[in-house]
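This briefing describes selected packing features of a structural model. Please consult the sequence and coordinates shown below.

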Amino acid sequence: MKAHINGTEYSFEANETILEVARRNGVHIPTLCELNDIDHAPGTCRVCLVEVHRDGETGPAYLTACDTPLGEGWKILTRTHKVQEMRQLQMEMTMADHRQDCSTCPRTGNCELLVAAQSVGLKHVRFRYQQGWKDLPPDTGTQPIIYDRSRCIRCQRCVAVCRNVQNVDALEMTGWGNTAGIRLKGGSVDASPCVTCGQCVMVCPTGALAERDQVQEVLDYLADPDIVTVFQTAPAIRVGFGEEFGLPPGTNVEGQIIAALRKLGADVILDTNFAADVVIMEEGTELLGHLREKKRPTFTSCCPAWINFAEKHYPEILPLLSTTRSPQAVMGKVAKTYLAEKRGFDPKMMRMISIMPCTAKKEEAARPVLGSNGVPDVDVVLTMREFARLLRREGIDLKTLEPSAYDDPFMSEYSGAGAIFGTTGGVMEAAVRTMYYVVNGKELEHVEISQLRGFENVRSANVDLGGQYGEIKVAMCHGLKGTRKLVQAVLDGTADFDFIEIMACPGGCVDGGGTLRSKKSYLPYAMKRRETIFNIDRKTKVRQSHNNQQVKRLYADYLEEPHSEKAHHMLHTHYAPRPYRSTSGADIGAAWDELQTQGGGRTEK
Amino acid sequence: MNTSVYGVWDGVAHDTRASASSGSAVTLADLGEFAPDNTTKAFIADRGFLVLDPDISLAEAFCQYMSRAADESCGRCTPCRVGTQRIRDLLRGFADGEAGGEVLDEVEEIAAQVTQTALCGLGQTCARSLLDALHHFRADFTPLSPAQAVFQHSYVYTTAPCIEACPSKVDVPRYVDGVKAGKFDFALGVVLDRYSMVATCGRVCVRFCEHACRRAQAEGPVAIRMLKRYAADQALHGGQLRFAQSTERRHQRIAIVGAGPAGITCAYKLLLDGFQVDVFDAHRAAGGMASVGIPSYRLPKDVLKAESEDVVRELGGEFHYGKVLGRDFTVDDLLDKGYDSVFLAYGASQGTQLGIRNENPKPEGYASGIDFLLDVHKHVEYGEPFKVSGDVIVVGGGNVAMDCVRSARRMGARSVHLVYRRTVQDMPAERDEIVAAEHEGIIFHCLTNPSALVVENGRLVGVEVVQMRQTELDARGRRSVEAIPGSESLMKCDLLVAAIGQQVDKAVLSPEEGIELDRWNCIVVNPDTLETSRRGVFAGGDCVLGPLTLVNALDHGERAAASICDYLLHGDVHVKPASYMQRFLARNKLLGNECLGKIPPRKPPAKVHELDAAARVGTFAEVETAMSKDEAYEEASRCLRCYRMYSVVTAKALIPEGNGGHSSSTLQGRRQ
């Protein structure tokens with residue numbers, strides 16, 4: 001089939017939209033609500049108008065490009081004066097009931113709505129409609145993700161990513177007219193299937209969805225001379241942070257981050273990679289134990305959104321989860337005990353601040369089991385977006401900083417195995433390197449295990465551990481849609497694995513729900529970040545967790561050996577089912593109350 | 001006086017006022033008098049507007065219309081959400097004299113934007129006639145005069161083709177929206193607002209809505225019924241339904257005769273309103289024809305029980321089973337016992353005879369469709385002995401005939417034959433049912449008609465049939481059938497089931513009770529209020545309509561409840577403005593053939609999941625299985641939300657309904 005766009009003829013397939021054909025051929029049409037990377041074109045913003053001339057019609061039609069299939073022989077014009085005016089009016093109406101208060105918006109400086117406004121050449125906003133949100137109370141909850149309806153443009157990307165990409169389906173569309181928006185099913189994290197993975201935040205075009213901002217808490221700690229501030233930075237941070245300061249995506253900025261933290265006045269700067277090595281010592285030992293007991297499979301436990309998912313959606317799988325704490329939680333515990341002892345800190349005065357690519361880590365840190373006597377092992381978790389805000393508040397430009405290095409003598413060394421925790425398959429590969437050594441008393445010859453390094457959402461491989469274990473079957477999954485299938489297969493008895501690594505976010509931690517946001521794209525730098533992570537591994541002197549000298553010292557001086565009673569007490573945790581659905585049936589009263597607020601409301605004959 | 005003075009209809013303007021006569025006036029049936037003794041001054045629709053009284057304020061009429069549009073806007077797409085509010089506010093300011101004529105330019109600009117770019121049918125249609133009016137009659141837009149400010153009343157009614165096609169006027173796009181939004185309780189609540197038997201209707205409704213669906217003209221209608229079932233099943237599987245029970249306990253007692261769909265619905269609505277309800281039924285379980293007439297492979301009995309008997313009991317209603325009106329009690333008895341009102345909904349459960357030789361006395365091996373289904377029901381449900389073997393012939397081409405052949409197959413008949421006098425295309429049964437019967441190995445004999453039963457020693461052994469042929473097209477373009485002389489032949493069988501229709505039992509009411517019947521023994525009622533000729537006694541369902549559909553009965557049940565409520569609380573019964581509007585729209589086919597101008601992307605309709613034919617014929621287990629959540633989301637996203645609004649400006653205010661209805665009235669007088 002053939003049609004013209006701006007005078008040039010293009011061919012296309014039946015049912016292809018005008019936008020698809022235009023985009024394929026490099027013709028720009030401004031869009032807002034649409035997000036091609038997750039195949040989402042809800043047609044709600046109505047900005048992508050084009051002028052359409054069709055045979056037999058007296059005048060042109062003005063149609064939205066995203067949801068109109070192109071027709072044979074149509075002539076599409078994307079730049080007529082009229083169509084530009086109509087796009088401007090559309091944007092004017094979008095802005096009319098949007099909280100145009102950019103200075104307080106979490107998305108300021110990086111907002112897709114403003115890009116769209118500029119793209120259509122918005123000239124003025126002649127009227128305002130604020131009734132839908134002006135009396136909305138501020139969200140003072142403690143959940144990691146905050147929704148602000150006054151900044152919502154009703155694109156439903158969050159609903160789509162939660163439903164179709166993650167298959168969690170925690171969000172529903174609610175409200176009516178001015179108050180239309182989204183909310184968690186059941187109204188709260190606890191009542192909904194939400195696992196706080198944060199993918200909704202990653203696709204939100206505005207500041208309607210954002211992490212709960214805890215920058216001020218960190219500034220308060222930094223300003224308090226009695227507080228010992230201890231920072232840890234996750235494996236994925238260093239490969240996904242440079243672009244915020246104008247560096248190419250995938251640049252390793254580990255050194256600059258350390259320098260920035262020093263400049264902030266951090267008392268102790270640790271690397272979560274160190275804790276990842278400790279996790280491997282524990283988890284690897286645990287897994288070998290399970291293999292001997294023929295208890296299979298074992299699931300990894302470092303991803304907090306995955307833990308939430310298992311507790312909420314598949315509680316029956318909980319006994320199969322490794323009890324080893326996540327690296328963040330291991331770090332918190334070891335710092336407030338071992339490090340405090342070694343360096344003479346009063347644990348009560350220590351504040352552990354994590355920089356994480358993750359929203360779910362905020363919830364993890366607040367778990368009562370990951371603390372003692374009501375004092376959490378990790379006090380504050382900042383996403384990378386908050387970390388960027390923290391640096392801006394202190395006037396720090398990462399790009400101009402001279403790289404520095406970790407200098408804590410007890411907890412800052414890491415192996416290549418710890419480094420690759422940030423990408424899918426990394427935990428598996430790290431564990432295999434150490435388990436192989438434990439079983440065979442010698443190092444694995446080829447440490448980069450290529451069969452673990454694919455990028456499909458669910459992958460499996462066979463790995464020869466040697467010794468009494470021989471070949472083991474492993475699987476790796478990133479993204480919860482694949483996870484659901486895999487877990488279901490395990491429960492159904494149709495999956496045959498010994499060890500399964502799960503990362504809830506598609507792409508793993510390097511593309512986690514707490515990473516920097518991109519405009520109009522989803523996971524654009526996944527491969528670059530992953531490649532940098534692998535390069536870090538290649539450049540480390542030590543590539544196996546068990547060869548990390550500081551880890552060896554931790555065990556020698558403090559924990560005795562992996563899975564010792566002390567290690568078990570400090571570095572392991574437990575899980576509990578978290579039923580979220582109301583079991584008392586459908587609440588029709590609530591449904592009727594909501595219906596009452598819509599249009600004609602409830603009816604009676 | 002059903003003719004306009006000026007206006008625009010389908011884009012063509014007319015003005016019959018002496019000063020500027022042009023075009024020809026538009027006449028619509030019943031346009032002049034919207035309700036008895038209440039004349040119409042103007043009518044605004046999606047296709048245009050008609051002014052009958054030039055003294056009204058056009059600006060005010062459109063302001064009220066657009067005000068409703070702003071209320072109806074769901075808020076998802078920008079131009080409708082914001083544009084309708086902006087138009088409303090500009091018109092308000094203009095009508096009140098606060099803004100000058102220049103604002104009409106902005107109104108026109110935004111109205112054009114909303115019309116051209118809104119996502120769904122509501123936005124695309126709500127400002128069309130306003131645009132027409134501004135284009136052709138801008139001079140008639142004037143600020144309100146003091147006289148106009150006092151009297152102008154608009155009644156605005158919002159509907160959609162699927163809603164209007166549904167006897168129960170269920171707000172289909174709203175519950176489809178609920179599914180799409182991920183709010184299954186809400187979707188269920190939209191339907192529960194009309195009747196309780198949602199999962200039942202979601203399985204066996206004849207789907208007037210789907211036939212009216214705009215998608216039907218493209219790649220197939222939205223699977224509305226499956227979505228309804230999906231929402232209902234989600235809730236039923238999750239436990240009981242929690243209702244907002246009426247806090248008011250009313251003392252009035254209502255007797256309902258018949259626990260079928262009409263009776264159950266009436267009981268449900270009255271109980272929600274706080275009345276006391278007793279339900280009498282000849283059988284031992286609720287459901288009426290939905291219970292005995294619909295086999296469990298189409299409607300599992302536990303689903304039916306949960307949302308009929310269980311719901312009514314939970315709301316405080318009581319059942320009196322095994323009680324037959326006319327045998328065990330009379331209407332007089334009920335009123336004597338202190339019931340304040342009676343609702344008769346005893347159905348039409350007498351099988352119709354074939355009217356051929358040897359039917360009387362009834363030979364062994366011969367049954368009516370409904371009696372056969374009742375025997376099957378008692379066997380499957382209560383284990384009562386009933387055996388079907390040998391060759392079975394069912395006569396008829398309706399849904400009951402399909403239920404009979406498919407039940408006979410499941411009961412173990414050696415062969416099952418369907419005899420029908422016309423062609424397969426002429427069968428009134430639903431297509432899906434016919435296809436399912438074919439898949440289950442039913443042998444069809446079309447253009448075949450029984451002419452005599454063959455009886456030996458009081459037992460049926462076969463039936464004499466005659467071949468039929470189609471006649472030429474008649475003047476109305478239809479073919480009839482006629483017997484081919486000399487084509488008689490014998491079909492042997494062990495059981496013959498005549499499933500050619502049902503009738504109302506005439507032994508139920510005696511003439512002394514003062515309830516008027518028509519010549520088919522159906523109760524005569526006021527079609528709007530369902531009042532019978534006896535004060536305080538109402539009737540609905542099949543005993544009024546003759547054997548009709550489930551959803552017709554649900555509608556009657558709900559309407560009867562509203563009338564009984566009116567009667568008991570106010571002493572008389574009002575016809576709701578919505579009823580007048582619905583009749584007016586139907587009479588003039590205003591929702592008939594018009595179609596939205598936009599071409600939506602093609603999305604294939606959801607597939608029906610069924611048990612394999614070979615597996616299902618041995619059991620009465622449900623044939624159609626539920627759709628998945630992903631399929632439900634996908635299917636719900638196909639809805640085009642073809643909402644549109646109709647407004648009348650009337651001389652007098654219409655009766656307010658208190659709750660401000662969607663398909664009932666919202667009285668939008670002048671805002672102060």
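Leaving aside its neighbours within four places in sequence, which residues is Thr78(B) in contact with? They are Thr44(A), Cys45(A), Arg46(A), Gln90(A), Met93(A) and Thr94(A), where contact requires C-beta atoms, placed from the backbone, within 7 Å. This is a predicted model: local features need pLDDT of at least 70, side-chain atom pairs count only at pLDDT 80 or more, and totals for chains, interfaces and linings use all residues. Residues are numbered from 1 along each chain as its sequence is written, while chains are lettered from A and ligands numbered from 1 in the order in which they are written.

**Thr78(B)**
- Thr78(B) belongs to helix H2 (residues 78–95) of chain B; helices are DSSP runs (H or I, at least four residues) numbered from the N terminus.
- Thr78(B) counts as buried because it has 32 C-beta neighbours inside 10 Å; the cut-off for buried is 20 or more other C-beta atoms within 10 Å.

**Helix H25 of chain B**
- The buried residues of helix H25 (residues 629–636) are Ala632(B), Tyr633(B), Glu635(B) and Ala636(B).
- These residues lie on the same side of H25(B) because they cover an arc of only 165° around the axis, taken from the directions from the helix axis to the C-beta atoms.

Methods: A residue is buried if 20 or more other C-beta atoms lie within 10 Å of its own, exposed if 12 or fewer, and partly exposed in between; C-beta atoms are placed from the backbone. Helices (H or I, at least four residues) and strands (E, at least two) are DSSP runs, numbered from the N terminus. Two residues are in contact if their C-beta atoms, placed from the backbone, lie within 7 Å.
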